[in-house]
Protein chains: 2
Amino acid sequence: MKQSPSRVDVPLQLWVVLARAFDAVERHSRASIARFELGTTEFGVLEVLYHKGELPVCDVQRRILVESSSTTYVVDKLVKRGLVRRRHSGSDRRVVLLALTPAGRRLIRRIFPPHAHAMRRAVAALPPSDQARAVRLLRALGLGAAKRLEAKEPV
Amino acid sequence: MKQSPSRVDVPLQLWVVLARAFDAVERHSRASIARFELGTTEFGVLEVLYHKGELPVCDVQRRILVESSSTTYVVDKLVKRGLVRRRHSGSDRRVVLLALTPAGRRLIRRIFPPHAHAMRRAVAALPPSDQARAVRLLRALGLGAAKRLEAKEPV
DNA sequence: GTCAAGTATCTCGATTTCGAGATAATTTCT
DNA sequence: AGAAATTATCTCGAAATCGAGATACTTGAC
């Protein structure tokens with residue numbers, strides 16, 4: 001057992017509260033999405049295709065924050081359920097384009113509004129002005145952390 | 001494809017940047033911890049026992065943000081590796097107390113400082129004053145979201 | 001133009017996490 | 001005291017995720 005080095009180490013504290021906040025809000029998301037017999041990642045794919053239209057798998061992957069192998073897995077499931085379809089790109093033969101099927105579009109159009117409502121409630125502890133402040137801070141934090149990752153990760 | 005309902009829906013935006021920020025910072029954490037041949041959850045257990053001393057499994061679980069079955073799984077691994085030991089509580093015979101073994105203590109004492117350093121770098125994109133602001137906002141957000149969960153979850 | 005490096009997707013096995021439920025002990029209510 | 005509700009831990013099978021690497025294609029350097 002060890003005593004705090006300086007009573008409060010703000011950066012480490014930030015990491016802790018970030019993780020806790022994410023966890024709490026994510027549970028709302030999970031619970032909301034579970035109502036529709038979907039996993040959060042599956043929902044993420046439907047949502048991004050709904051809002052952005054047809055997209056390459058790699059673009060979808062970047063937005064749903066999972067690795068490429070997991071993306072394949074989730075897309076497979078959605079294709080099997082008839083909610084998403086794959087199509088080869090004409091311009092770049094490596095890429096596979098994803099789009100909603102009519103059934104997928106009907107589904108997400110129906111479930112997105114109640115889910116959005118649940119998420120608004122999830123973060124409603126913060127008044128709107130604080131929400132806006134948090135958005136600015138988290139955006140800077142996320143971009144900064146991502147940049148520092150790039151700097152090391154690359155093979 | 002659907003156009004934005006009001007150009008910017010701050011609460012939903014908050015959820016998105018929260019998830020992105022968490023993901024980016026968590027990657028730093030993962031990479032840092034991977035240096036020591038540990039998973040983030042295993043590290044979490046060692047860290048909490050290091051800072052808080054002997055604790056019931058349920059207290060550890062609350063802090064590492066995984067379900068009880070996953071906690072059993074991770075603790076098992078740490079026990080097998082000789083880093084943590086289990087002990088029955090005298091006062092409440094349901095509870096199992098966890099504590100570091102000497103080897104576990106030596107390990108975490110050695111790896112915590114470099115990990116803390118990596119995490120400080122991970123969030124360093126935010127100047128200290130913004131870090132403090134973010135801590136306050138995220139704490140309120142996390143507590144509020146958790147409270148709203150309680151209100152529904154309970155069986 | 002050719003070759004090296006980079007990018008997109010997928011496969012496969014292993015790991016991690018979850019969820020439901022079993023068991024046992026404690027606490028609360030009546 | 002006894003029943004009912006709550007809490008703590010664990011088991012087990014299923015689901016999600018990862019990581020390494022294979023394959024195919026494209027881009028950039030020379």
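Colleague: In this predicted model, is Arg120(A) buried, partly exposed or exposed?

Modeller: The class follows from relative accessible area, with buried set under 20% and exposed over 50%. Arg120(A) has 32% relative accessibility, so it counts as partly exposed.

Colleague: Which residue does Arg120(A) form a salt bridge with?

Modeller: Look for a side-chain nitrogen of Lys or Arg within 4 Å of a carboxyl oxygen of Asp or Glu. Here the partner is Asp9(B), and the closest N and O atoms are 2.8 Å apart. This pair crosses between chains: Arg120(A) sits in helix H5 (residues 102-122) of chain A, and Asp9(B) in the segment before H1 of chain B.

Colleague: Is Asp9(B) buried or exposed?

Modeller: Asp9(B) counts as buried, because its relative accessibility is 16% and the cut-off for buried is under 20%.

Colleague: Which residues do salt bridges with shared partners join into one network?

Modeller: Asp23(A), Arg27(A) and Glu67(B) are joined in that way.

Colleague: What does Glu67(A) form a salt bridge with?

Modeller: Its partner is Arg27(B), with 3.2 Å between the closest N and O atoms. Glu67(A) is in the loop between helix H3 (57-64) and helix H4 (68-80) of chain A, while Arg27(B) is in helix H1 (residues 10-34) of chain B, so this pair joins two chains. As for accessibility, Glu67(A) is partly exposed at 43%, and Arg27(B) is partly exposed at 27%.

Colleague: Where do Glu54(A) and Arg85(A) lie?

Modeller: Begin with the contact, then place each end in its element. The side chains of Glu54(A) and Arg85(A) form a salt bridge, 3.3 Å from N to O. Glu54(A) belongs to the loop between helix H2 (40-52) and strand S1 (55-56) of chain A, and Arg85(A) to strand S2 (residues 84-88) of chain A; the pair therefore ties together parts 31 residues apart in sequence. Glu54(A) has a relative accessible area of 32% and is partly exposed. Arg85(A) is also partly exposed, with a relative accessible area of 32%.

Colleague: What is the relative accessibility of Cys58(A)?

Modeller: Cys58(A) has a value of 36%, so it counts as partly exposed. In chain B, Cys58(B) is partly exposed, with a relative accessible area of 34%.

Notes: Residues numbered from 1 in each chain as written. Chains lettered and ligands numbered in written order. Predicted model: local features only at pLDDT ≥ 70, side-chain atom pairs only at ≥ 80, totals over all residues. Heavy atoms only, no water. Buried < 20%, exposed > 50% of the residue type's maximum accessible area, 1.4 Å probe, protein only. Helix = DSSP H or I, 4+ residues; strand = E, 2+ residues; numbered from the N terminus.
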